[in-house]
Amino acid sequence: MTRIDSKFAALKEEGRAGLVTFVTAGDPDPATFRSILKGLPEAGADIIELGMPFTDPMADGPAIQESSLRALNAGQDMNKTLAAVTEFRTENDTTPIVLMGYYNPIYSYGVDRFLADAITAGVDGLIVVDLPPEEDDELCIPALKAGVNFIRLATPTTDDQRLPTVLKNTSGFVYYVSITGITGTASGKVTNVGDAVARIKRHTDLPVVVGFGIKTAEQVAEIAAVADAAVVGSAIVDQVKVNLNADGTAGAGTVDAVLGLVSNLSKGVRG
Amino acid sequence: MEAVNSYRNGPNEKGLFGMFGGRFVAETLMPLILSVEEAYSAAKNDPSYWEELADLAKHYVGRPSPLYFAERLTEELGGAKIYFKRDELNHTGSHKINNCLGQILLAKRMGKTRIIAETGAGQHGVAVATVCALFDLPCVVYMGETDIVRQQPNVFRMKLLGAEVRGATSGSATLKDAMNEALRDWVTNVDDTFYIIGTAAGPHPYPAMVRDFQSVIGNEAKEQLLEREGRLPDSIVACIGGGSNAIGLFHPFLDDTSVRIIGVEAGGHGLDKGPEEHAASLTGGRPGVLHGNRTYLLQNDDGQILEGHSISAGLDYPGIGPEHSWLNDIGRVEYVSVTDDEALEAFKLCCRTEGIIPALEPSHALAHVAKIAPDLPKDHIMIMNLCGRGDKDVFTVAKALGVEI
C-alpha cells in the first residue's frame, strides 16, 4: 500500500474529500519553497503536488508559467527538487508527494536514474502532462514497475471509448481536468464535473480528483461534494506572487500568506 | 509499394522516425491529434484532395517554381554547376504556402471553422493568413513579442489579410513561445479549431504531413533537372530551422543514394561562442522532447530549453523536425552550420551576381554552397533551395551592415 492509497483510505474513514495542493518546486526561491513545503500538511494539504519547473509549460496558464520561471531563475533544477523531497521526508512520512510537470527534464535526467532517485527521496507518484497513453513505454511502464504511481489526466475530450485506454496503466488516482483549457482559467460547471466523475467511476475503482480553475474554499467544497479530492494550483502560486517584495524576492510574510491560503482552502473539505 | 530498405517509409504507426517523433501532447489534445491523423490518412488516399491542392498550387501559388541555372554565380564560384529551386517566387514569397494550402484543405474536410498558427519571422503567419482569407476562415496567429518588433512589415501584412496577431509574452517571446501559446489556444478550443503548424515538427502526423506537402519542391526539382540535364543532381542543399523546406527538397531524393544531401543550420555567432549563441539543434544540441516530438534540442543540463540565436528569425528555433534528427543519426544527410556573417556575405553575393534578393534563411544554404562549390568539378550539379525572398529582411540586413534606411 503506497502513501497515496493509505491517504485515500484514511480520508474515506474520516468521511471527507481531500485537498490536493500544487506548488512549484523552488518558487520563489529554494529556501522559501522548502519552508512552504514543510508547512503544507499542517495547513491542511492532504496530498502535495510539486511542479517540476520547465521553461515551456505548454498546458499551463500564466500563473504557473510565471512560477516556473521564478523557480528556474532562482536556480531550481531536478536535483534540488528531489533534495527538497528528501528533506521533507525526514519529518513527514505520510503526506503523499506527487511530482508534476513535463517530460523533458525527466528524460534529460535519465528515466532509470530519475525513478531510482525519486523513490529514494520519497516521491509517491508522477503526473507528466505530455506523456499520453500512446507514449506509455517512455516512463509510465518503468514507473509502475519501479513502484511509483503514474497518475493520468482525463479530460472532457476523453470520451467513453478512450477512457479505458487512459485508465489502463493509471494508478494511485485519476486526475480529472475539469475544463478543456490551460491551468488557472475559468472552472467548469459543477454539474458537468459531477457527471464526468460519475462517468469515470463507471470505468475504475481508483479515487478521482478534480482540478483546473479551482480557486476558493467554496469551489473546493463544491468539488468535494462530487469527487474524492479537489486540486488547487494557480491560486496558490498566485499567492506566492502577490506576496513578493517589489524586487521579486520573498518577503517576511510570503510563507505565512501561502500557508494561510491553504488553511482557508482546506475548510472546503473539512466543513 | 516502396522497397523495404527505403529511407522514405517513415514514420511508423506511432509516428516515429527511428527514436524521433512521437505524440508527446496533453491528453486534451490527444483525441484531436488522432482525428487529424485519421482525416489526413483518408485525404491522402483521396485523389480529389490532391487534385484540388494541385489546382491551387498551379493557379494560385504559381507552381511549378522554376529550376534556374545560376550561371553568373557558378562562374564566380568557379566550380560546381549551381541550380536554384526558386520557391521564393511562390505567392507570399516562400515555400510556406505549399503546406498551408494542404492543411487548410484538411481543416475544411474536418469541418473546422477557426484556424490558429505560430510564426517566427512571419513568413508562415503571412501564408496562413493568406489561405484563411482565401477560404474565408477566421485566423489567429501567435507571434513572440520580440519577433513582432523585429518583423513589423509581416505583422502588418497579416493584419491586412484579416488575421488577428496575438503576441506571446512568456519566456523569450520568440518562436518557441509562440508555439506554446498556439498549443494553449488549441487545448482551449479543441472543438472548432485547426492548428496549421508551419514546420515539419510537432506531434505526429504533422512532421509527415508537412513533409508530404513540401515534397512538391523535390519532386518538381527532380523532374525539371532530368528534363534539363538528363540526370540526377550530385548534391542538394537547403537551410534548416525546423526543416520544412529542406525535408521537402530532400525527401524525394533520399533513396537516390548517389545524391549527396546537405542541410545547413544557423550557426549564429558561432557554435563555439556558447549554447545560446546559435540555433544549430543538430550540430549543437542533444535529443529531448518538446512541442509534441522527440528530436534534437538546444537545452541545458537540466533539460530546460535554451533560446537559439540567428540573424534569421525563421531559423532561431531550439528544435528541428524529427525526420532530420533521424536522417542525421543514420548518416543519410550531412548537417553543417554557417554563421550570421557568412550568411550575410552570401546574401550580398546572390544580390550582386544573380539579381535576386534572397531571404536570410536560404542565404545560409547559399553560404555553404559558396564554401564547397569552388572545390567541386565543373560537371558536378548542385541544387540549392532558394526557399524565400529577402524583401522582409532588408531592414535586418541594413542594420547588420550599419546602414540606416
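How many aromatic pairs does the structure hold over all chains? The count is 15. Rings of Phe, Tyr and Trp (its six-membered ring) pair if their centres lie within 6.5 Å; planes under 30 degrees apart are stacked, over 60 edge-to-face, and the rest tilted.

Before you start: this is a predicted model, where local features need pLDDT of at least 70, side-chain atom pairs count only at pLDDT 80 or more, and totals for chains, interfaces and linings use all residues. Residues are numbered from 1 along each chain as its sequence is written, chains are lettered from A and ligands numbered from 1 in the order in which they are written, and side-chain values use heavy atoms, leaving out hydrogens and water.

**Stop 1: rings in chain A**

Select Tyr103(A) and Tyr107(A). Their ring centres are 5.5 Å apart and their planes at 50 degrees, so the pair is tilted. Both sit in helix H5 (residues 103–109) of chain A, 4 residues apart, about one turn of the helix. Helices (H or I, at least four residues) and strands (E, at least two) are DSSP runs, numbered from the N terminus. Tyr103(A) is buried, at 1% relative accessible area. Buried means under 20%, exposed over 50%, and partly exposed in between (1.4 Å probe, protein chains only).

**Stop 2: rings in chain B**

Now pick Tyr68(B) and Phe84(B). The ring centres are 6.3 Å apart and the planes at 45 degrees, so this pair is tilted. Tyr68(B) belongs to strand S3 (residues 67–69) of chain B and Phe84(B) to strand S4 (residues 81–85) of chain B, so the pair ties together parts 16 residues apart in sequence. Tyr68(B) is partly exposed, at 28%. Phe84(B) is buried, at 0%.

Next, select Tyr40(B), Tyr49(B), Trp50(B) and Phe213(B). They form one aromatic cluster.

**Stop 3: salt bridges**

Which residue forms a salt bridge with Asp136(A)? Select Arg152(A): the closest N and O atoms are 2.9 Å apart. A salt bridge is a side-chain nitrogen of Lys or Arg within 4 Å of a carboxyl oxygen of Asp or Glu. Asp136(A) and Arg152(A) are both buried.

Go to chain B. Arg231(B) forms a salt bridge with Asp234(B), with the closest N and O atoms 3.1 Å apart. Arg231(B) is partly exposed, at 28%. Asp234(B) is partly exposed too, at 22%.

Last, select Arg389(B) and Asp391(B). Their side chains meet in a salt bridge, 3.7 Å from N to O.
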